[in-house]
Amino acid sequence: VARIVLASALRAAAGAVLGFVFWLGWGLIALVGLPWYAVGLVYGGLCWLALVAPVLATLALRWPGSVRVAAAHAAEWLFTCLAIGLLCALAWHRYA
């Protein structure tokens, strides 16, 4: 029961972060005091927190012995999300 409640809380938190990222979307371009790459890193980090962290946390709850595999996946997805965040910020910067 505790695992189900924790998994539900993780999903609810992920939904809240996804909603926040959606709300920020183009609003991140309003951060005029930061260079474009800083905005991209913030966006990519938020996407990683919303999409990847909950998935890996629920996998760690179900299979506690796979911590090293989860850490490797977390690092791979963090790099991917940061790269995508940088590319989005570059596009925002070029069209702003």
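View 1. Trp-36 counts as partly exposed because its relative accessibility is 31%, the class between buried (under 20% relative accessible area) and exposed (over 50%), with a 1.4 Å probe and protein chains only. The model is predicted: local features need pLDDT of at least 70 and side-chain atom pairs pLDDT 80 or more, while totals for chains, interfaces and linings use all residues. Residues are numbered from 1 along each chain as its sequence is written, and side-chain values use heavy atoms, without hydrogens and water.

**View 2. The aromatic pair.** The count of aromatic pairs comes to 1. The ring centres of Trp-36 and Tyr-37 lie 6.0 Å apart and the planes meet at 85 degrees, so the pair is edge-to-face. Rings of Phe, Tyr and Trp (its six-membered ring) pair if their centres lie within 6.5 Å; planes over 60 degrees apart are edge-to-face, under 30 stacked, and the rest tilted. Tyr-37 has a relative accessible area of 46% and is partly exposed.

**View 3. The helices of the protein chain.** The protein chain has 3 helices and 0 strands, in the order α-α-α along the sequence. Helices (H or I, at least four residues) and strands (E, at least two) are DSSP runs, numbered from the N terminus. The C-alpha atoms fill a box of roughly 50 × 25 × 15 Å along the principal axes.

**View 4. Contacts and surface of the protein chain.** Of the contacts (heavy atoms within 4.5 Å) with a separation of 6 or more, 85% join residues 24 or more positions apart. Buried residues make up 27% of the 96 residues. The accessible surface is about 6600 Å², with 76% belonging to carbon and sulfur atoms; areas come from the Shrake-Rupley method with a 1.4 Å probe, and for residues only the protein chains shown count as cover.
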